[in-house]
Amino acid sequence: MKKPELLAPAGNLEKLKFAVLYGADAVYLGGKNFSLRAFAGNFEIDEIQEGVKFAHEHNVKVYVTINIFPHNADLIGLDSYLKDLYDVGVDAIICADPGVIMIAKETVPKLEIHLSTQANNVNWASAKFWLDQGINRIVAARELSLNEIKEIKDKTGAQMECFVHGAMCISYSGRCLLSNYMVGRDANLGECAQACRWNYNLVEEKRPGVYYPVFEDEKGTYVFNSQDLCLIDQLDKLIEAGIDSFKIEGRMKSISYVATILRSYRKAIDSFFEKNKYKVEDKWKEELDKISHRPYTTGFYFKDLNNASSSIESSNYIRPYEFLGVVLDYNENEKMVTIEQRNKFEIGDKIEFFGPTWDDFTQTIEIMYDDKGNQIQAAPHPNQIVKIPVKQKLAPYYIMRKEI
C-alpha cells in the first residue's frame, strides 16, 4: 500500500519553511500573478527559487498554482513566467484553464501539470480526457464522495489529490461569482472577498426595515457558511482507496494554523504505516481543536451530496488559542528563548510552546526582556523581539501560544 503525500499550503516564504519543518511532503504556493489567492503573501520569482532550494534540501516538493480563469489580458507574460518556474526547479504547476494548460505544454513540456480542483473533475471520463492531454495528476472536485474518487482512480489509474482539511467553499469547487457581483472582486481571478461569510437578513422590497424571521439569531442567518473539512478520523479509508496526495487548505492561514494541522496529520499517516492499523489518538484531534476553525465536517466524502454540512447557527470561528510568536533562538547557558511577537502577551500569561517533535510544554511568564535587555511588562508591538527564561530547551521555528 502506497504512503500518500501530505501536501501543505505555503502563503509566503516563512510559511513554506514552517510547512516543510512540520511534516509536509510537498507544498503548494502562488506567485504574484496567475494565482487564485491574490491576497495571500505570495511569492516573487526569487522567493520561489529560495523556497524550492529550502524544500528540496529537505526532500520536499514544490507545486505552483496557475489556476485563475484568465481573460485575454491575463495571459500576457504567462510564457516567460512558466519558463522562470521551470528554471528555478519547481516540481509541478497546478492549472485549471485549458488555454493555460496548452501554453504550458508548448512552453515547458517537461514540467509536470496537476489539474486544479477549479476544473471541476467529477467523473472518470473527464479524468481520462485530461490524462490524454498530458495532465499528470487530478485534484478531485470537492463535491465527490470517496466511492466516486476510488472509481475514477480504478478506471483511469490517475494520480488523485484530495482535500482532507480546511475551509470549504459554498460554490461549486470554488467557481463563485458572489464576490464579483457584490463588490467587484473576481474570485476566479484571485480576489475573493468571501462575501459568503458575511451576515445576511431577508427583507421584503416594499417594506424596508421589516425583516423576515428566517434567521437563527439576532444577527441574521448563516446559510452560506460551510463548515470546515476534517478527515483525520477517516484517513485509513482514504489510504485504502489509493488516494495519492492529502491536501491541506489554507494559503491565507497563519503559521500556527499550518504547523498545528501538519503535526497531527503527519502523526496519523505515519502511525497507520508503522502499526498496520489505524487508531486516532486524542491529542491529535485536540490539537486540531486548538486552531481557529469552524465546526468540522466530513464534507461530501461519506454522505449524499445534498446533505453537505453548513453552519447555520453562526458565521463565527472557534478560536480557543491565540498564536503569540515564533522562536528565533535559544541560549542554552542562560536558558533564555528569543521570541518574535505576533500577538500581545504579558507577565502572568500561561504560555505553551510546541514544535515538530511533540515535546510541548507550558509555563507562566514571570519575567521578560526586550531586545536591549530591559525588563518589560508586556509585548504589544507586532514583530517585537522579546527574551523569556524557559524551563526546557527549544529550537528555532517552535511556536508560542496561549489559551484564550
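Trainee: About how much space lies in the largest cavity?

Mentor: Please keep in mind from the start that this is a predicted model. About 80 Å³ of space lies in the largest cavity, and the structure holds one cavity of 30 Å³ or more. To find the place on your screen, look for the residues that line the largest cavity, which are Ala 140, Ala 141, Arg 142, Leu 144, Ile 149, Cys 162, Phe 163, Met 168, Leu 229, Phe 300 and Tyr 301.

Cys 162, one of those lining residues, has a relative accessibility of 1% and therefore counts as buried. Another cysteine, Cys 230, is also buried, with a relative accessible area of 12%. A disulfide is a covalent bond between the sulfur atoms of two cysteines, but the count of disulfides in this model comes to zero.

The largest nonpolar core has 96 residues, and Tyr 265 belongs, together with Val 27, Ile 48 and Ile 66, to the four that touch the most other members. Helix 9, which runs over residues 255-275, supplies the largest share of this core, namely ten residues. Apart from this core lies another one, made of 19 residues, which include Leu 324, Val 337, Met 368 and Leu 394.

Charged side chains also join parts of the chain, and the structure holds 25 salt bridges. In one of them, the side chains of Lys 153 and Asp 244 meet at 2.8 Å, counted from N to O. This pair links distant parts of the chain, 91 residues apart, with Lys 153 in helix 6 (residues 146-156) and Asp 244 in the loop between helix 8 (235-240) and strand 9 (245-248). Because the limit for being buried is a relative accessible area under 20%, Lys 153 at 19% is buried, and Asp 244 at 7% counts as buried as well.

A second bridge brings together the side chains of Arg 401 and Glu 287, at 2.9 Å from N to O. Here the partners are 114 residues apart, with Arg 401 in strand 19 (residues 399-403) and Glu 287 in helix 10 (residues 282-290). Arg 401 is buried, with a relative accessible area of 2%, and Glu 287 counts as buried at 4% relative accessibility.

For a contrast in setting, turn to Lys 393 and Glu 332, whose side chains form a salt bridge of 3.3 Å, N to O. Lys 393 lies in the loop between strand 18 (385-389) and strand 19, whereas Glu 332 lies in the loop between strand 11 (321-331) and strand 12 (336-341), so that this pair, too, links distant parts of the chain, 61 residues apart. Lys 393 is exposed, with a relative accessible area of 51%, while Glu 332 counts as partly exposed at 49% relative accessibility. Finally, salt bridges that share partners join Arg 263, Glu 287, Lys 290, Glu 352, Asp 360 and Arg 401 into one network.

Notes:
Residues are numbered from 1 along each chain as its sequence is written. This is a predicted model: local features need pLDDT of at least 70, side-chain atom pairs count only at pLDDT 80 or more; totals for chains, interfaces and linings use all residues. Side-chain values use heavy atoms; hydrogens and water are left out. A salt bridge is a side-chain nitrogen of Lys or Arg within 4 Å of a carboxyl oxygen of Asp or Glu. Helices (H or I, at least four residues) and strands (E, at least two) are DSSP runs, numbered from the N terminus. Buried means under 20% relative accessible area, exposed over 50%, partly exposed in between (1.4 Å probe, protein chains only). A nonpolar core is a set of buried Ala, Val, Leu, Ile, Met, Phe, Trp, Tyr and Cys residues joined through side-chain atoms within 4.5 Å. A disulfide is a pair of cysteine sulfur atoms within 2.5 Å. On a 1 Å grid over the protein atoms alone, a cavity is a set of points where a 1.4 Å probe fits but cannot get out, and a pocket is an open set with protein on both sides within 12 Å along at least five of seven lines; lining residues have an atom within 4 Å of a point. Grid points are joined across faces, edges and corners, and a volume is the space filled by probe spheres set on the points.
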